[in-house]
Structures are given as structure tokens and as C-alpha cells.
Amino acid sequence: SAARPPYNSPGWKKADEALRDIGTNGIPTLLKMICAKDPPPFILKLLQVAGGYRWTHIHYRYAVERNEEAEYAFEVLKERAVGAVPGLIKIYEENVSPSSQRCAALALGHIGRGATPALPALIQRFTHTNADVRFYAVSAVMSIGGEPGVVVPALTSALKDTNVNVRWNALVGLSMFGSVARPVVPEIL
């Protein structure tokens, strides 16, 4: 099924129930799924051609689907998945694929405060050349929170990003710090 079944659909209820039953026992499998990588394009083409013949039955699931399914599972597990943080940081820093890195960042954000050890790796990506990497790094930091002395200056620097979505997430992240972020108001204006 899709990585995110429609809310309250039968598929969503089944997935939610299964993930809650499996709980943290599924973390090793989820880490493998979130760092899944497709084989080279010529192998994918070969699988596609071979799957067209009646004598073969090949159903290949692309890595992006597996990455997104794992990210969804971390969204369900939330802070209970704190034991996966070191593995997610490693996957995020390895940059297996853009999809894997995006899903690892989002998974860290779903874990929340328990993912504070990931802040240095995420904040380092605020200056990445790829706007999507910056966007998901800021999104994750926004969800994790952390020490204001570290996070507020980092989010303030993201206010100058060329991508409006990155700037918006930085602004929302700063708003979560309330009066602690008050000195940033001139920068925002």
C-alpha cells in the first residue's frame, strides 16, 4: 500500500495497529528500509524487461517507497523510537540517496526531543547547496527543538535562505521558542 494510507481508511487502521504492535522491535528493519537504495538503472531496466515475460514474476519495490514507509513508521512510533537516533544520524550523514536523507531527517523530527544528538548534523545541512536538503534539515530541527543557544542562531541564519519554504520553516521554528527568540525580531522584520 501507499506509504501514507488515507487517514482512518482500512489500510491506515491496519498499518497503525501493526506498527503499534511491533513497536520498537521493528527498528532494525525500519533502519534498513530507510537506507534502501535502488540498483543501477541498467539493472532496473533488466528487471522491468524480465517482468514483462509470462515465465517470470518480478515485483520490484523502489527504494523511495521503502524509505517513505519507514519514515511513516517513525511518525507512528514517535519518541518511542529514540533508540534509532544513532542509526538515523548515520544514515542521514551517509546520504545514501536524496530520498533516504529526506526520510531520515523527517524520522528524526518525528522522534522529537529525543533526537537532540542529531542537531549538529542537521544544522550543518542548513547551508547545503540543495534546497530540499536544507528544507528537511530545518523541518527536523524545528520539530526537535533543543538548546535555544544553539538552535535559535541556526534558525536565524536560515531566515536568509534563498528558498521561501526554508525561510518559512525557520520562522515557525523560531516562534516555538517564544520570548527567547525575541532578539531575532529585527532580523525577521
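Q: Hi! Which residues does M33 touch, leaving out those up to four places away in sequence?

A: Hello! In this predicted model, M33 touches R66, N67, E69 and A70 once residues up to four places away in sequence are left out.

Q: And where is M33 found?

A: M33 sits in helix α2, which covers residues 27-34.

Q: Okay, zooming out. How many helices and strands does the protein have?

A: There are 11 helices and zero strands. Read along the sequence, the pattern is α-α-α-α-α-α-α-α-α-α-α.

Q: What box do the C-alpha atoms fill?

A: Taken along the principal axes, the box is roughly 70 × 35 × 30 Å.

Q: And how many of the residues count as buried?

A: The protein has 189 residues, and 42% of them count as buried.

Q: What share of the contacts comes from residues 24 or more positions apart?

A: If you take the contacts with a separation of 6 or more, residues 24 or more positions apart account for 69% of them.

Q: Let's pick a pair of helices. At what angle do α4 and α6 pack?

A: Helix α4 (residues 63-77) and helix α6 (residues 98-111) pack at an angle of about 5 degrees. Their axes are 8 Å apart.

Q: Parallel or antiparallel, then?

A: Roughly parallel to each other. The angle of about 5 degrees falls under the cut-off of 35 degrees, so the pair counts as roughly parallel.

Q: Which residues meet there?

A: From α4 you have V64, N67, E68, E71, F74 and E75. On the α6 side they meet S99, S100, R102, C103, L106, A107, H110 and I111. By class, this contact has six nonpolar, four polar and four charged residues.

Q: Which residues line the second largest pocket?

A: The lining is made up of Y92, N95, P98, Q101, R102, A105, H128, N130, D132, V133 and Y136. By class, that gives five nonpolar, four polar and two charged residues.

Q: Which helix supplies the largest share of that lining?

A: That's α6, with four residues. Helices α6 and α8 (131-144) each supply at least two residues of the lining.

Q: N95 is in that lining. What is its phi?

A: Phi of N95 is near 50 degrees, a positive value in a residue other than glycine. N95 lies in the loop between α5 and α6, and its relative accessible area of 38% makes it partly exposed.

Q: And K78, what's its phi?

A: K78 has a positive phi of about 50 degrees, although it is not a glycine. You'll find K78 in the loop between α4 and α5 (85-94). At 40% relative accessibility, K78 counts as partly exposed.

Q: Last one: is H59 buried or exposed?

A: H59 is exposed, with a relative accessible area of 63%. The cut-off for exposed is over 50%, which is why H59 gets that label. H59 is in the loop between α3 (41-51) and α4, and its C-alpha is 8.6 Å from that of L47, 12 residues apart in sequence.

Conventions. Residues are numbered from 1 along each chain as its sequence is written. This is a predicted model: local features need pLDDT of at least 70, side-chain atom pairs count only at pLDDT 80 or more; totals for chains, interfaces and linings use all residues. Side-chain values use heavy atoms; hydrogens and water are left out. Axes are lines fitted to C-alpha atoms, for helices over the stretch in contact, and angles run from 0 to 180 degrees between N-to-C directions. Angles under 35 degrees count as roughly parallel, over 145 as roughly antiparallel, 65 to 115 as roughly perpendicular and the rest as oblique. Contact means heavy atoms within 4.5 Å. Ala, Val, Leu, Ile, Met, Phe, Trp, Tyr, Cys and Pro count as nonpolar, Asp, Glu, Lys and Arg as charged, and the others, Gly among them, as polar. On a 1 Å grid over the protein atoms alone, a cavity is a set of points where a 1.4 Å probe fits but cannot get out, and a pocket is an open set with protein on both sides within 12 Å along at least five of seven lines; lining residues have an atom within 4 Å of a point. Buried means under 20% relative accessible area, exposed over 50%, partly exposed in between (1.4 Å probe, protein chains only).
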